[in-house]
Amino acid sequence: MPKVLIVGGAGYIGSHTNKLFSHSGFKTVVFDNLSTGYRRLARWGEFFKGDLANAADLARCFKKHRFDSVMHFSAFAYVGESVTDPAKYYVNNVANTINLLNAMRAAGVNKFIFSSSCAVYGAPASLPMRETLPFNPVSPYGRTKKMVEEILADYSAAYGLKYAALRYFNAAGADPDGETGEVHNPETHLIPLVLDAAAGLRKEIKVFGGNYPTPDGTCVRDYIHVADLAQAHLRALRYLGKGGASGGFNLGNGKGFSVLEVIKTAEDVTGRKIRVKMAPRRPGDPPALVGSAARARRILGWRPVRFKLETIIADAWKWHLKRSQAPF
Ligand code: UFG
């Protein structure tokens, strides 16, 4: 069985990918320092507590296991925080990723799947967004993802690294079986906060900006189910295994929903009324981000299956209800 190292496998997207791989003929090892992840979410395969900042942890892990490939989910991802504390982002998201890549080189592992982001593109002039758009990040967070993609291209040219940089749009939803889901502290993402409001855990949802140049004035995003994202990792690894060329892939559904549409759908799914309060814009939010995944479809053969917003929110709601019974 091929063995895959899942760095950050105790986090949101990493835990779903760990589950999928461990059910798809892989042995998985999660490497995580549990700074933002949860041991309880790393419930498939083996667990190795380690820190990317510590080269000795990496060396021990690569000595203990012989990996065929590595996936890397362990980045900080609060855009606002990256503006106020960029050092935290450059150290973890960039420097620590270099540590990981160097540990892979030393161990002779050359297949890598990287969690990139649509944030590499910044605020695009036209939609839907394709991979031909220039990188133009507008936050330190986005710049860390751009920098790592550039490093990957250099490592690929010089050392033969085979990589796929998967540029997620808005990851959402939860494992359809309810075995893992989203747990962020603090939570800043729209759908879990809307569900908190539906559950009465917060009195209202604040809508950040009602005067954007969008059909209803609120921001438009492309929400993509986390289980579909996990599938893209499997496709990407198979593609690299067959000798596919390294590169970046946008992962979205190609359809955008406004903040108000998300709230309305959450009301329909939960059967609860959600109080809405209009609030000022959140600095750094692009008006609309919608991805074209035509390249991922064509080259990786990836097709999202849980693409309906109702499905995404229903899965997130199921997880939300389960979590409220056994809080983290
Ligand atoms: N929003 C609200 N109220 C809230 C929370 C969010 O109106 O309480 C709005 C935001 O302004 C935005 C939309 O809901 O328009 C989605 O916001 P999220 O915070 O859920 O997601 P983002 O689009 O800001 O962020 C996501 C990823 C980041 C990534 C970014 C790229 O979470 O990691 O996309 O733009 F960098």
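Predicted model: local features only at pLDDT ≥ 70, side-chain atom pairs only at ≥ 80, totals over all residues.
Student: Let us start with the ligand. How many residues surround it, and which are the closest?

Tutor: The ligand is surrounded by 22 residues, and the closest are Y141, H189, K206, R282 and D285.

Student: What is the make-up of that shell by class?

Tutor: The shell around the ligand has 14 nonpolar residues, together with four polar and four charged ones.

Student: Which polar atoms lie by the ligand's oxygen atoms, backbone or side chain?

Tutor: Both kinds occur. From the backbone, an N or O atom of L190 lies 2.8 Å from an oxygen atom of the ligand, and a polar atom of F208 is 2.9 Å from a ligand oxygen. From a side chain, a polar atom of R221 is 2.8 Å from an oxygen atom of the ligand.

Student: How much of the ligand does the protein bury?

Tutor: The protein buries 91% of the 690 Å² that the ligand exposes when taken alone.

Student: Which secondary structure elements give two or more residues to the shell?

Tutor: Those elements are α6 (190-198) and β8 (205-208). The largest share comes from β8, with four residues.

Student: And which domains does the shell draw on?

Tutor: At least three residues come from each of domain 1 (3-171 + 224-251) and domain 2 (190-221 + 254-325).

Student: Changing topic: how many salt bridges does the structure hold?

Tutor: There are 17 salt bridges in the structure. As background, side chains of opposite charge can pair when their charged atoms come close.

Student: Take E150 and K146. What is the N to O distance there?

Tutor: The side chains of E150 and K146 form a salt bridge at 3.1 Å, N to O. Both residues belong to helix α5 (residues 140-159), and because they are four residues apart, about one helical turn separates them.

Student: What about R202 and D196, how far apart are their closest N and O atoms?

Tutor: Those atoms are 3.8 Å apart, and the two residues form a salt bridge. R202 is partly exposed at 36% relative accessibility, whereas D196 is buried at 17%.

Student: Which residue does E267 pair with?

Tutor: E267 meets K273 in a salt bridge of 3.2 Å, N to O. E267 is buried, with 16% relative accessibility, while K273 is exposed, with 70%.

Student: Which residues are joined into a network by salt bridges that share partners?

Tutor: K19, R43, D175, D177 and E179 form one such network.

Student: Now D315. Where does it lie, and is it buried or exposed?

Tutor: D315 lies in helix α10 (residues 309-325). It is buried, with a relative accessibility of 5%.

Student: What does its side chain contact?

Tutor: The D315 side chain makes a polar contact of 2.8 Å with the side chain of H225. A polar contact of 2.8 Å also links the side chains of D315 and R306.

Student: And A87, where is that one?

Tutor: A87 is in helix α4 (residues 86-107), and at 48% relative accessibility it is partly exposed. A87 and P140 are 53 residues apart in sequence, with their C-alpha atoms 9.2 Å apart in space.

Student: On to the backbone. Where are there cis peptide bonds?

Tutor: One joins L127 and P128, with omega about -10°. P128 lies in the loop between β5 (111-117) and α5. Another joins N185 and P186, with omega about 0°. P186 is placed in the loop between β7 (170-172) and α6.

Student: Why single those out?

Tutor: Because most peptide bonds are trans.

Student: What is the phi of L34?

Tutor: L34 has a positive phi of about 60°, although it is not a glycine. Most residues other than glycine have a negative phi.

Student: Where does L34 lie, and what is its relative accessibility?

Tutor: L34 is in the loop between β2 (27-32) and β3 (46-49), and it is partly exposed at 26% relative accessibility.

Technical notes. Residues numbered from 1 in each chain as written. Heavy atoms only, no water. Salt bridge = Lys/Arg side-chain N within 4 Å of Asp/Glu carboxyl O. Buried < 20%, exposed > 50% of the residue type's maximum accessible area, 1.4 Å probe, protein only. Near = heavy atom within 4 Å. Polar contact = N/O pair within 3.5 Å; in protein donor to acceptor, adjacent residues only side chain to side chain. Areas by Shrake-Rupley, 256 points an atom, 1.4 Å probe, with all protein chains shown as cover. Nonpolar A, V, L, I, M, F, W, Y, C, P; charged D, E, K, R; others polar. Domains from an automatic or database assignment.
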